[in-house]
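This briefing covers a metal site and the aromatic contacts of one model. Keep the sequence and the 3D view at hand while reading.

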Amino acid sequence: MRHTLFSVLIATLLLLVGTLVVNWQLWHSSDSDRAATAGHIARKIDAILDEARDATNTATRVALNGCSAQGEFELGTEAALQPHLRTIIILKNDSVWCTSLPGSRVLIVKPEAISDDNLLLMMPQSMVNGLPVLIFQTLIPDGKVIVSISDAHLRDALNSSFENTRFSFVVGNRVFDNNGKVVSLKTLSGVSATRTSYASTRYPFRIEYHRPAFFNLTRLMHQGTLFLLLLFLLSFTVAFLLRRYLDKYTTPEENLRKAIQNGEIIPFYQPVVNGRTGAMYGVEVLARWKHPKAGFISPAVFIPTAEKTGLIIPLTKSLMRQVVAQMRPIFGKLPDGFHIGINISASHINSPCFMHDCLQYQRGFDGKKVRLVLEVTEREPLLINNDLINNLNTLHSKGFGFALDDFGTGYSGLSYLNDLHIDYIKIDKSFVSRVSHIADSTLLLDCVIEMAKKLSLHIVAEGVETKEQLDYLNRQNITLIQGYYFWKPVSYINLIKILLSKSKEETVEI
Ligand code: C2E
Ligand code: CA
Ligand code: CA
């Protein structure tokens with residue numbers, strides 16, 4: 001689950017970063033396109049103004065030669081032949097001296113009243129025909145030449161953009177937009193702040209436009225569909241591969257933690273029997289990992305990891321909960337005083353939660369007389385201090401029994417026996433398995449049994465596999481037997497079957 005979440009998180013991050021990069025790329029390209037289009041429009045208007053400049057040269061010549069019929073004809077021809085020009089007017093001493101229109105007519109309401117700026121956008125109300133116009137003016141001795149350019153040509157130039165962007169033509173403090181309106185810049189001051197412009201290097205005007213919004217969903221969906229699709233596939237693949245990689249290269253600790261959380265560590269039960277009668281005395285709880293792929297895994301494989309990493313505590317707690325949940329429904333089938341042994345690691349005993357865990361486990365058996373035994377191995381050293389002795393004594397007084405597991409294999413057994421209340425010792429199978437028909441094969445076991453007897457403790461012999469071993473133990477009056485000779489550790493279901501088949505037998509009295 002954690003791997004899936006992590007992989008999905010990484011894939012989502014990749015998708016987000018990728019989308020951001022694609023969006024930036026599209027924004028950048030749209031921004032560059034707009035700047036390029038503004039430059040293109042400016043160059044078109046430059047070319048139109050070049051016509052006006054050429055016409056001004058003609059008009060200057062006419063102004064020198066006099067406004068004769070020939071002069072008017074030259075102005076008319078110039079205005080007619082230059083595709084974007086409307087009229088050419090020569091003003092002298094503030095009055096119309098010569099024009100390209102027949103009869104010296106002009107379309108400007110008061111040509112003498114307009115300022116001398118080189119380029120000027122005329123408002124519709126200043127024009128006879130009520131249409132805005134761009135004028136190009138050049139001062140000459142005693143007057144000036146005014147060349148007017150139709151608004152239609154400006155509109156055409158501004159509308160030449162393929163993108164759906166509004167470009168405006170700005171001269172001085174007046175703006176002509178692609179709808180053909182002329183407005184004062186002051187009216188647009190709020191809007192203008194969000195705009196950028198491209199200034200002509202040859203004439204005093206600039207082209208203004210809005211820069212594209214950085215994030216635009218429509219643009220992203222329309223222009224980035226393929227990228228987004230690829231990105232999505234890439235993120236999906238990354239998530240899939242990452243998850244597989246994490247699953248493959250997880251540490252044994254992570255695997256075990258997951259297994260405990262998923263309830264894959266389950267209790268098996270190995271009956272402890274009376275070796276003479278075969279009657280069931282109790283069970284020992286033994287952990288099994290029911291792996292979804294690998295099947296049952298032996299505790300020899302995962303208990304060392306659990307002990308090294310501290311996972312033994314949640315593992316044991318989970319087993320205790322499961323044992324309670326499984327035993328409660330079959331209380332009626334358990335003989336009174338039924339012995340239930342569970343293995344406890346040294347690190348758990350030394351942990352602050354130990355007392356609480358044991359008492360909670362015991363509460364699970366309220367209403368049933370069972371003998372809960374905590375098996376403490378002799379292989380691991382216990383950190384014996386006053387707190388620990390007090391805790392174990394308290395548990396003992398509350399009815400818990402203690403067994404010293406793997407007796408004879410460790411180094412601290414005898415000191416435990418002095419300090420703690422030990423009720424049982426479990427003779428390790430390594431001693432029992434030596435018993436054979438060969439003379440002296442029992443030497444070591446004889447010593448261990450003698451020592452245990454001297455300490456007046458109940459003895460459980462583990463790992464009894466043969467009749468020979470059983471007979472020997474019977475002769476030694478060792479009645480509590482655990483081993484494959486009687487039962488292997490079994491699942492809960494099989495334990496119920498065994499209990500049902502034995503329900504008429506009594507528990508072993510020792
Ligand atoms: P243990 O506590 O000494 O448990 C007895 C082991 O001997 C069990 O091995 C049992 O299956 C095995 N055994 C019993 N009779 C025979 C027999 O006749 N022949 C042979 N060859 N083996 C027999 P298992 O279940 O593999 O457990 C191994 C060890 O893992 C246990 O030894 C115990 O030290 C540890 N362990 C198992 N479950 C837990 C647990 O829940 N907590 C802790 N802390 N340790 C556990
Ligand atoms: Ca044990
Ligand atoms: Ca043992």
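Which residue lies over the face of Trp 97? Lys 92 does, at 4.0 Å from the ring centre. The model is predicted, and the points below are grouped by topic.

**Calcium site**
- Asp 405 (OD), Asp 406 (OD), Glu 462 (OE) and Glu 462 (OE) coordinate the calcium ion (ligand 3), at 2.1 to 2.8 Å.
- Along the chain, the donors of this ion have the spacing D-D-x55-E.
- Asp 405 belongs to strand 16 (residues 401-407) and Glu 462 to strand 18 (residues 458-462), so the pair ties together parts that are 57 residues apart in sequence.
- Asp 405 and Glu 462 are both buried.
- Asp 405 also coordinates the calcium ion (ligand 2), which is 4.5 Å from the calcium ion (ligand 3).

**Aromatic pairs**
- There are nine aromatic pairs in the structure.
- One of them is Phe 169 with Phe 205: the ring centres are 5.1 Å apart and the planes are at 45°, so the pair is tilted.
- Phe 169 is in strand 6 (residues 167-171), while Phe 205 is in the loop between strand 9 (195-199) and strand 10 (206-210), so this pair ties together parts 36 residues apart in sequence.
- Phe 169 counts as buried at 0% relative accessibility, and Phe 205 counts as buried at 4%.
- Tyr 485 and Phe 486 have ring centres 5.2 Å apart and planes at 85°, so they are edge-to-face.
- Tyr 485 is partly exposed at 32% relative accessibility, as is Phe 486 at 22%.
- One aromatic cluster is formed by Phe 331, Tyr 361 and Phe 365.

**Charge over a ring**
- Lys 488 has its charged end over the ring of Tyr 484, 4.9 Å from the centre.

Notes
Residues numbered from 1 in each chain as written. Chains lettered and ligands numbered in written order. Predicted model: local features only at pLDDT ≥ 70, side-chain atom pairs only at ≥ 80, totals over all residues. Heavy atoms only, no water. Donors = N, O, S within 2.8 Å, 3.2 Å for Na, K, Ca; no water. Helix = DSSP H or I, 4+ residues; strand = E, 2+ residues; numbered from the N terminus. Buried < 20%, exposed > 50% of the residue type's maximum accessible area, 1.4 Å probe, protein only. Phe/Tyr/Trp six-rings, centres within 6.5 Å; stacked < 30°, edge-to-face > 60°. Lys NZ or Arg CZ within 6 Å of the ring centre and 35° of its normal.
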